[in-house]
Amino acid sequence: MDVHPSKTYEVRTYGCQMNVHDSERLSGLLESAGYVKAPEGADGDADVVVFNTCAVRENADNRLYGNLGRLAPMKTKRPGMQIAVGGCLAQKDRETIVKKAPWVDVVFGTHNIGKLPVLLERARVQEEAQVEIAESLEAFPSTLPTRRESAYAAWVSISVGCNNTCTFCIVPALRGKEKDRRTGDILAEIEALVGEGVSEITLLGQNVNAYGSDIGDREAFSKLLRACGTIDGLERVRFTSPHPRDFTDDVIAAMAETPNVMPQLHMPLQSGSDTVLKAMRRSYRQERYLGIIEKVRAAIPHAAITTDIIVGFPGETEEDFEQTLHAVRAARFAQAFTFQYSKRPGTPAATMDGQIPKKVVQARYERLVALQEEISWEENKKQVGRTLELMVAEGEGRKDGATHRLSGRAPDNRLVHFTKPDQEVRPGDVVTVEVTYAAPHHLLAEGPALDVRRTRAGDAWDKRNATEAAKPAGVLLGLPKIGVPEPLPVATGGCSPA
């Protein structure tokens with residue numbers, strides 16, 4: 001199916017890394033069908049607007065219907081405009097969307113994103129909304145076309161779905177049981193990406209280190225990490241998000257012994273209380289979690305460990321919360337993404353007794369954030385004086401222009417702002433600097449760069465920019481920074497993949 005080349009599209013992404021990666025696929029599908037990205041700042045002024053939704057963020061449905069409502073008059077004025085809604089909220093509220101917003105043309109789910117161009121065409125021809133929600137995965141998303149938002153770093157999905165039954169999470173019900181990709185297909189995609197100039201990849205899964213459960217190989221994930229270490233030109237390997245239950249010693253050994261696997265780990269804690277962990281149906285306890293942290297630090301001394309924590313889960317007592325604070329003090333996370341618990345319809349936790357008053361949750365949240373801020377700053381101060389190799393990032397420093405700095409990510413994924421060298425430096429290039437100052441959420445390297453290494457990834461960025469300059473400006477999908485995403489809005493139920 002081809003469309004007139006002047007037809008434009010915009011994809012709006014909400015939620016987790018899975019949705020971001022799916023949006024890259026949706027963009028690739030639309031471009032394969034002949035659409036081009038709408039100019040930057042189009043704000044719905046496009047021939048096709050796609051909402052890739054999340055069902056886990058608080059008020060996700062209100063936000064969606066509010067945005068759809070704002071597009072209704074625009075659609076009336078623009079003949080032929082189409083609106084599509086996909087993702088987790090579409091999987092969950094399939095019938096409701098068209099009833100509440102009858103001007104929507106297509107509703108599709110998490111399992112059949114590959115159908116979007118066909119459904120748009122069918123809606124155009126039949127002049128009625130197309131609602132098609134597959135109940136199980138039709139094709140692994142990685143077989144679909146992709147329009148990646150970075151020339152030098154890429155997500156690589158190794159599995160979809162989740163076999164866990166955490167009581168606060170609706171994701172397994174919407175994305176289904178875990179399905180693993182063949183290792184050969186994963187490595188072939190990585191090699192192809194490296195061939196295009198990508199030098200950093202992040203392995204992505206709802207429960208990434210459970211990879212292999214499909215085939216009964218408990219060491220499949222560590223073998224995959226080691227295999228990534230044999231790919232020439234692949235400089236950095238990260239993964240998100242693992243589950244403590246599946247975090248075995250062979251994974252720690254693979255991380256420590258594979259040079260291009262970065263000294264960084266994002267592993268959700270969720271709570272430090274064994275009682276709350278049991279109510280959450282998390283299959284580990286505080287001692288087991290802290291034991292993993294201890295083993296990782298013994299094997300990889302400079303590892304930066306980050307986490308997710310939910311405050312105010314139903315039944316959480318002051319003693320339970322104190323256990324979370326204890327775990328945070330013991331683990332000394334580089335960063336923690338903290339969430340206030342809020343009910344999610346369709347989850348067991350939503351109907352549990354002991355829902356905590358908002359005022360109490362807010363007070364606990366503020367205490368946790370203050371403690372973690374203090375620890376983050378102390379841990380960052382330990383980086384002062386270290387010499388680090390930074391992969392230059394694109395647009396991560398909001399004040400870089402004013403301060404004549406650039407920004408990059410250290411191997412452990414810490415954000416470092418550094419003095420702009422005299423010579424040209426491109427995103428994807430590698431700069432060696434000495435850290436001179438630490439703040440809670442970033443580091444500074446105020447002296448001159450010790451070394452600048454031009455890379456194939458930088459060349460790829462140059463090539464991408466030259467190609468994009470000949471096209472209409474695009475609307476970014478909101479791709480998070482490679483590795484751990486920025487903190488999400490406070491009032492949420494903790495939609496971490498693990």
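1. Beyond residues up to four places away in sequence, Cys166 touches Met280, Arg281 and Arg282. The residue lies in the loop between strand 8 and helix 6. With a relative accessible area of 10%, Cys166 is buried, since the cut-off for that class is under 20%. The model is a predicted one, and the points below should be read with that in mind.

2. Cys166 belongs to an annotated group: an unreviewed UniProt entry lists Cys162, Cys166 and Cys169 under "binding site". Such an annotation may be inferred rather than shown by experiment. Cys162 is found in the loop that runs between strand 8 (159–160) and helix 6 (171–175). Cys162 counts as buried because its relative accessibility is 6%.

3. Which residues does Cys162 contact, leaving aside its neighbours within four places in sequence? They are Pro172, Gly176, Lys177, Glu178, Gln206 and Asn207. Pro172 falls within helix 6, whose range is 171–175. For Cys166, the contact list is instead Met280, Arg281 and Arg282.

4. The unreviewed UniProt entry also lists Cys16, Cys54 and Cys88 for "binding site". These three residues span 73 positions in sequence, yet no two of their C-alpha atoms are more than 10.4 Å apart, so they gather at one spot.

5. Cys54 sits in the loop between strand 3 (48–53) and helix 2 (60–77). A relative accessible area of 6% makes Cys54 buried. Setting aside neighbours within four places in sequence, its contacts are Tyr14, Gly15, Asn19, Ala60, Cys88 and Leu89.

6. Cys88 is found in helix 3, which covers residues 88–92. At 5% relative accessibility, Cys88 is classed as buried. Apart from residues up to four places away in sequence, Cys88 touches Thr53, Cys54, Ala55, Thr110, Leu174 and Arg175.

7. Is Leu26 buried or exposed? Its relative accessibility is 0%, so Leu26 counts as buried. Leu26 is found in helix 1, residues 17–32. Its contacts, not counting residues up to four places away in sequence, are Val50, Asn52, Phe108, Ile113 and Leu116. Val50 and Asn52 lie in the range of strand 3 (48–53). The C-alpha atom of Leu26 is separated by 9.8 Å from that of Gly86, which is 60 residues away along the chain.

8. Arg148 occupies the loop between strand 6 (130–132) and strand 7 (153–157). Arg148 is a buried arginine, with a relative accessible area of 12%. Leaving out neighbours within four places in sequence, Arg148 is in contact with His21, Glu24, Arg25, Ala154, Trp155, Glu189, Leu193 and Arg464. Of these, His21, Glu24 and Arg25 fall in the range of helix 1 (17–32). The C-alpha atoms of Arg148 and Ser23 are 125 residues apart along the chain and separated by 9.1 Å.

9. His417 is found in strand 17, residues 415–419. Its relative accessibility is 12%, and His417 therefore counts as buried. The side chain of His417 is joined to that of Ser407 by a polar contact of 2.6 Å.

10. How do helix 12 and helix 13 pack? Helix 12 (residues 318–331) and helix 13 (residues 358–381) have axes 10 Å apart and meet at an angle of about 10 degrees. This makes helix 12 roughly parallel to helix 13. The contact involves Glu318, Phe321, Glu322, Leu325, Val328 and Arg329 on helix 12, and Arg364, Arg367, Leu368, Leu371, Gln372 and Ile375 on helix 13. The crossing of helix 12 and helix 13 is right-handed.

11. On the protein as a whole, the secondary structure amounts to 15 helices and 21 strands. Of its 498 residues, 59% are buried. Among contacts with a separation of 6 or more, 76% are between residues 24 or more positions apart.

Note on methods
Residues numbered from 1 in each chain as written. Predicted model: local features only at pLDDT ≥ 70, side-chain atom pairs only at ≥ 80, totals over all residues. Heavy atoms only, no water. Helix = DSSP H or I, 4+ residues; strand = E, 2+ residues; numbered from the N terminus. Buried < 20%, exposed > 50% of the residue type's maximum accessible area, 1.4 Å probe, protein only. Contact = heavy atoms within 4.5 Å. Polar contact = N/O pair within 3.5 Å; in protein donor to acceptor, adjacent residues only side chain to side chain. Axes fitted to C-alpha atoms, helices over the stretch in contact; angles between N-to-C directions. Parallel < 35°, antiparallel > 145°, perpendicular 65-115°, else oblique. Left-handed = near helix turned anticlockwise from the far one by under 90°.
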